[in-house]
Amino acid sequence: MHDALPAPLRDAVDEFAGHLASVRNRSAHTVRAYVADLVSLLDHAGRMGCTEVAELSLDAVRSWLARQRTTGAARTSLARRAAAARTFSAWAHRQGLLATDVAATLASPRPRQALPTVLRPEQAALLVEKPARQPATPPPGGPTSDGPTPGGPAPGTGPATAEGSPVTGASDTTGAAVRLRDRMLLELLYGTGVRVSEVCGIDTADVDQHRRVVRVHGKGGRERTVPYGLPAQSALDDWLRYGRPALAVPDSRDALLLGARGGRLHPTTARRIVAGYAEAAGLPRTSPHALRHSAATHLLEGGADLRAVQELLGHSSLASTQIYTHVSVERLRAAYRQAHPRA
């Protein structure tokens with residue numbers, strides 16, 4: 001990524017990446033994004049004659065951001081790149097690579113805060129319950145991989161076998177287990193508001209069924225405990241009793257949610273599952289993050305305290321949670337405009 005930079009700049013990039021990962025405890029995704037931004041900045045500064053970190057100037061940083069803006073970068077991207085520049089500048093100054101913190105006064109473009117996509121409560125219920133309406137026995141060559149198939153009742157709600165399992169037959173074992181997994185996934189996403197990466201990272205030992213709480217590992221290595229409701233507990237019971245044993249392989253280890261081949265469920269697969277069930281239910285395009293938005297909004301509309309929702313979602317700042325109050329207010333305004341005679 002940074003091979004074209006002069007050696008002193010390459011070394012600074014490597015040291016900065018190590019600082020972000022080991023000292024700041026940033027996620028691998030954040031480290032990659034910041035390093036990519038830094039390489040772009042130093043490459044731009046190099047074209048202005050900068051060959052070592054000590055020569056980096058505020059003018060070079062501003063010129064870099066201006067160029068990004070003229071090439072069509074979104075305001076949110078510009079804000080992140082400005083943050084990366086400020087973080088690097090402060091670190092380089094502490095390390096003695098810069099005489100002054102040149103980017104300390106750098107202003108960030110204020111990103112437009114678009115309202116998130118939010119399902120209505122009845123839409124969220126329809127989506128979460130969709131796997132329970134899937135066919136009990138798929139057609140020959142039917143679903144043995146991840147994802148929904150349109151149609152009738154779920155294996156978990158149909159007639160049980162003599163052993164009490166809702167799985168209707170050996171040929172349907174994988175398809176039935178996948179649908180039980182899908183129900184568990186949707187219940188957890190909407191019932192807890194966790195991120196898709198967090199739900200895929202849950203281990204069986206993280207679930208306390210007696211207290212109905214689950215431990216999740218969020219951004220920056222932060223850990224929190226989130227409660228879940230009775231519908232999620234019912235889905236969990238079916239998944240652990242009938243679904244997970246049918247998919248588990250030695251490589252499954254302790255992962256709670258498994259893919260069709262027994263490995264830990266991947267976030268990309270989880271996104272595809274959510275989108276597939278939303279489409280099958282006739283709902284707008286929906287992602288796991290939309291379910292997170294919906295859960296937060298419905299909690300606040302139901303009277304939950306803002307700080308309690310902040311803790312449930314794992315937001316480090318209350319400002320990140322306050323957007324959901326905007327969603328609720330917008331719904332109130334829409335209802336007022338529709339119903340009030342003097343709106």
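Let me start with Cys-50, which in this predicted model counts as buried because its relative accessibility is 7%, under the 20% cut-off. Cys-200 also counts as buried, since its relative accessibility comes to 3%. As for bonds between cysteines, the count of disulfides in this model comes to 0, where a disulfide would need a pair of cysteine sulfur atoms within 2.5 Å.

Stepping back to the chain as a whole, we have 13 helices and 3 strands, and of the 343 residues, 45% count as buried. If we take the contacts in the chain with a separation of 6 or more, then 58% of them are accounted for by residues 24 or more positions apart.

Now to the helices, and to the pair H1 and H4. Helix H1 covers residues 7–23 and helix H4 covers residues 75–94, and the two pack at an angle of about 100°, with their axes 11 Å apart. Because angles from 65 to 115 degrees count as roughly perpendicular, H1 is described as roughly perpendicular to H4. On the H1 side the contact is made by Ala-12, Glu-15, Phe-16, His-19 and Leu-20, while H4 brings Thr-87, Phe-88, Trp-91 and Arg-94. Sorted by class, the residues in this contact of H1 with H4 are 5 nonpolar, 2 polar and 2 charged.

The other pair I would like to show you is H5, residues 121–128, with H6, residues 173–192, which pack at an angle of about 155° with their axes 9 Å apart. That angle is over 145 degrees, and therefore H5 is roughly antiparallel to H6. Here the contact is formed by Ala-124, Leu-127 and Val-128 from H5, together with Leu-186, Glu-187 and Tyr-190 from H6. The residues of this contact of H5 with H6 divide into 5 nonpolar, no polar and 1 charged.

If we follow the chain onward from H6, we come to Arg-195, which sits in the loop between H6 and helix H7, residues 196–200. Is Arg-195 buried or exposed? Arg-195 counts as buried, because its relative accessibility is 12%. Its side chain is joined to that of Glu-198 by a polar contact of 2.5 Å. Leaving aside residues up to four places away in sequence, Arg-195 touches Leu-189, Gly-218, Lys-219, Arg-224, Arg-292, Leu-313, Gly-314 and His-315.

Gln-233 and Gln-209 are 24 residues apart in sequence, yet their C-alpha atoms are 7.4 Å apart in space. With residues up to four places away in sequence set aside, Gln-233 touches Gln-209, Arg-212 and Tyr-228.

Arg-212 is partly exposed, because its relative accessible area is 30%.

With a relative accessible area of 69%, which is over 50%, Arg-253 counts as exposed.

Note on methods. Residues numbered from 1 in each chain as written. Predicted model: local features only at pLDDT ≥ 70, side-chain atom pairs only at ≥ 80, totals over all residues. Heavy atoms only, no water. Axes fitted to C-alpha atoms, helices over the stretch in contact; angles between N-to-C directions. Helix = DSSP H or I, 4+ residues; strand = E, 2+ residues; numbered from the N terminus. Parallel < 35°, antiparallel > 145°, perpendicular 65-115°, else oblique. Contact = heavy atoms within 4.5 Å. Nonpolar A, V, L, I, M, F, W, Y, C, P; charged D, E, K, R; others polar. Buried < 20%, exposed > 50% of the residue type's maximum accessible area, 1.4 Å probe, protein only. Polar contact = N/O pair within 3.5 Å; in protein donor to acceptor, adjacent residues only side chain to side chain.
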